[in-house]
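Please read it alongside the sequence and the structure.

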Amino acid sequence: LLVAALLLVVILFMMCAYQVRYTEMAVLTHWDKIKNVVLPQDAGLHFKWPWPIDRVHIYDARLRTFDSEFRQLGTKDQRTVVLTAYAIWRVADPQLFLTSLDREEAARKTIGDMLESSVSNVLKQYDLEQLVNVNPEKMKFNDIESEFLKSIRDDARKMYGVDVVKVGIKRLNIPESVTKEVFTRMKED
């Protein structure tokens, strides 16, 4: 009888307690209404009512990386480039993240869509020689990556509670037909 009572106490304690690590943040909902937000600085043991009264949604507060797929895109001078872009992001507002996306998979898809749209739109404003050139003064990689970031940072923060920290080009390839033209131009330069 004593063992059964002790086991019942342990089970009740497990149902009414939750832990938030210093690398996590949590949103506590009471009957699906947000009751409390626990940030990494408040990490530790917290208490709640058992499920289904209270539910805890835990999100990782660390930086994550998203890589876009290898895609062919056009430049301002009608040249084709093949590139992969990346975004480094984290959950900044767990309450907004819960109400807008809820899951990390949904966030990756949303950030991926925003990133691919941004890359496509920004590359249309630059010529190929601003991406590939022997003259470092004509290269605009930093400007291009800054524009990628500007075009998605504010929307991601306001609409989804996601902080996009950095966006850039991971891999840049040029189709063979364009490569010959680039090498010819480089030899001439």
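Thr-110 counts as buried, because its relative accessibility is 16% and buried means under 20%. The model is a predicted one.

**Surroundings of Thr-110**

- Helix α3, which spans residues 104-123, holds Thr-110.
- With neighbours within four places in sequence left aside, Thr-110 is in contact with Leu-101 and Tyr-160.

**Nonpolar surface patch**

- A nonpolar patch on the surface is formed by Leu-6, Val-10, Phe-13, Met-14, Leu-45 and Phe-47. Together these residues have about 650 Å² of accessible area.
- Two elements, α1 (2-16) and β4 (44-47), each give two or more residues to the patch.
- Helix α1 supplies the largest share, four residues.
- Val-10, one of the patch residues, lies in helix α1. Its relative accessible area is 40%, so Val-10 is partly exposed.

- The whole structure contains 11 salt bridges.
- One of them pairs Asp-54 with Lys-35, and the closest N and O atoms are 3.7 Å apart. This pair links distant parts of the chain: Asp-54 is in strand β5 (residues 54-60) and Lys-35 is in strand β3 (residues 33-38), 19 residues apart.
- The two partners fall into separate accessibility classes. Asp-54 is buried, because its relative accessible area is 0%, while Lys-35 is partly exposed at 47% relative accessibility.
- Side chains of opposite charge can pair when their charged atoms come close.

**Salt bridges between partly exposed partners**

- Arg-62 forms a salt bridge with Asp-60, with 2.9 Å between the closest N and O atoms. Arg-62 counts as partly exposed at 48% relative accessibility, and Asp-60 is partly exposed with a relative accessible area of 22%.
- Glu-105 forms a salt bridge with Arg-103, where the closest N and O atoms are 3.5 Å apart. Glu-105 is partly exposed at 46% relative accessibility, and Arg-103 is partly exposed with a relative accessible area of 47%.

How values were computed: Residues are numbered from 1 along each chain as its sequence is written. This is a predicted model: local features need pLDDT of at least 70, side-chain atom pairs count only at pLDDT 80 or more; totals for chains, interfaces and linings use all residues. Side-chain values use heavy atoms; hydrogens and water are left out. Patches are made of residues with over 30% relative accessible area and no salt bridge: like charges are joined within 9 Å, nonpolar side chains (Val, Leu, Ile, Met, Phe, Trp, Tyr) within 5 Å. Accessible areas come from the Shrake-Rupley method with a 1.4 Å probe; for residues, only the protein chains shown count as cover. A salt bridge is a side-chain nitrogen of Lys or Arg within 4 Å of a carboxyl oxygen of Asp or Glu. Buried means under 20% relative accessible area, exposed over 50%, partly exposed in between (1.4 Å probe, protein chains only). Contact means heavy atoms within 4.5 Å.
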